[in-house]
Amino acid sequence: TPLYDEREYNTAGQLIHSNLFDLTWDVAGRVTAIAQSHMFPGVGSAPSQSGMVSSSFNYNAAGGLTASAHALMNQPSLTLPAGFTPSDVVGFSSMGYSYDYSANRSSAVFNRDVSGSATPTKITRTYNMFNGANRLASVTSTSTAGGSIPTKNYQYDASGSVTSAAG
């Protein structure tokens, strides 16, 4: 049986609705919100269930993404299997980004709510540039969950192509 998808567009020609998601756009043509249908594990004899995840996005004046947030929506209501948490579905609940004067991402913070924990897991990344060049040199990361996260170092050939991303 064929599957059909109905789509709706705004007057700017931007997709705003399909059977799987709804999109909201700002006047600069950037997506500011997504409500998306997902399939989740079922409970008992139900093999799966449908639910909605919402995402929102904020931008700076230069158009760079500065923040995003993601959450499991209340409707339709879901009963997750034992040991399965909303963060297993949504992943990171919020993310924030900052940029340098050249509009390169300079840092990022990722937060994930963990069931049974009073504080979310937080990963902080710093993006380091080569001095005097507009190229990523390395990414360093730390986590409140403990353990070490290796630094990723980048090398380039004469034409500017990445030749190594070790770490």
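**Exercise 1. A loop residue and its contacts**

Task: In this predicted model, determine which residues asparagine 104 is in contact with, leaving aside its neighbours within four places in sequence. Then decide whether asparagine 104 is buried or exposed.

Solution. 
Step 1. With those neighbours left aside, asparagine 104 is in contact with Ser98, Tyr99, Met129 and Asn134.
Step 2. Asparagine 104 belongs to the loop between β7 and β8.
Step 3. The relative accessible area of asparagine 104 is 16%. Buried means under 20%, so asparagine 104 is buried.

**Exercise 2. A backbone angle**

Solution. 
Step 1. Most residues other than glycine have a negative phi.
Step 2. Alanine 103 is located in the loop between β7 and β8.

**Exercise 3. Aromatic pairs**

Task: Find how many aromatic pairs there are, and classify the pair of phenylalanine 92 and phenylalanine 110 as well as the pair of phenylalanine 130 and tyrosine 156.

Solution. 
Step 1. The count comes to three aromatic pairs.
Step 2. For phenylalanine 92 and phenylalanine 110, the distance is 5.6 Å centre to centre and the angle between the planes is 50 degrees. Planes under 30 degrees apart count as stacked, over 60 as edge-to-face and the rest as tilted, so this pair is tilted.
Step 3. Phenylalanine 92 is in the loop between α1 (86-90) and β7 (94-99), while phenylalanine 110 is in strand β8 (residues 105-112); the pair therefore ties together parts that are 18 residues apart in sequence.
Step 4. Phenylalanine 92 is partly exposed at a relative accessible area of 28%, whereas phenylalanine 110 is buried at 9% relative accessibility.
Step 5. The ring centres of phenylalanine 130 and tyrosine 156 lie 6.1 Å apart and their planes stand at 75 degrees, so this pair is edge-to-face.
Step 6. Phenylalanine 130 lies in the loop between β9 (121-129) and β10 (136-143), and tyrosine 156 lies in strand β11 (residues 152-156); the pair therefore ties together parts that are 26 residues apart in sequence.
Step 7. Phenylalanine 130 is partly exposed at 36% relative accessibility, and tyrosine 156 is partly exposed at 21%.

**Exercise 4. The surroundings of tyrosine 156**

Task: Describe what tyrosine 156 touches, not counting residues up to four places away in sequence, and examine arginine 135 and leucine 136 in detail.

Solution. 
Step 1. Arginine 135 places its charged end over the ring of tyrosine 156, at 5.3 Å from the ring centre.
Step 2. A polar atom of the tyrosine 156 side chain lies 2.6 Å from the backbone oxygen of leucine 136.

**Exercise 5. The largest nonpolar core**

Task: Name the residues of the largest nonpolar core, and state which strands each supply at least two of its residues.

Solution. 
Step 1. The core has eight residues, namely Met95, Tyr97, Ala108, Phe110, Ile123, Tyr127, Val139 and Tyr154.
Step 2. At least two residues of this core come from each of β7, β8 and β9.
Step 3. Two of the core members, Tyr97 and Phe110, also form one aromatic cluster with Phe92.
Step 4. Not counting residues up to four places away in sequence, tyrosine 97 touches several residues, including Ala108 and Phe110.

**Exercise 6. Salt bridges**

Task: Find how many salt bridges the structure holds, and identify the partners.

Solution. 
Step 1. There are two salt bridges in the structure.
Step 2. One joins the side chains of aspartate 5 and arginine 7, at 3.0 Å from N to O. Aspartate 5 is partly exposed, at 36%, and arginine 7 is exposed, at 55% relative accessibility.
Step 3. Another joins arginine 30 to aspartate 26, with the closest N and O atoms 2.9 Å apart. Arginine 30 is partly exposed, with a relative accessible area of 24%.

Definitions and conventions: Residues are numbered from 1 along each chain as its sequence is written. This is a predicted model: local features need pLDDT of at least 70, side-chain atom pairs count only at pLDDT 80 or more; totals for chains, interfaces and linings use all residues. Side-chain values use heavy atoms; hydrogens and water are left out. Rings of Phe, Tyr and Trp (its six-membered ring) pair if their centres lie within 6.5 Å; planes under 30 degrees apart count as stacked, over 60 as edge-to-face and the rest as tilted. Helices (H or I, at least four residues) and strands (E, at least two) are DSSP runs, numbered from the N terminus. Buried means under 20% relative accessible area, exposed over 50%, partly exposed in between (1.4 Å probe, protein chains only). A charge sits over a ring if NZ of Lys or CZ of Arg is within 6 Å of the ring centre and within 35 degrees of the ring normal. A salt bridge is a side-chain nitrogen of Lys or Arg within 4 Å of a carboxyl oxygen of Asp or Glu. A nonpolar core is a set of buried Ala, Val, Leu, Ile, Met, Phe, Trp, Tyr and Cys residues joined through side-chain atoms within 4.5 Å. Contact means heavy atoms within 4.5 Å. A polar contact is a pair of N or O atoms within 3.5 Å; within protein, one must be able to donate a hydrogen and the other to accept it, and residues adjacent in sequence count only if both atoms are side-chain atoms.
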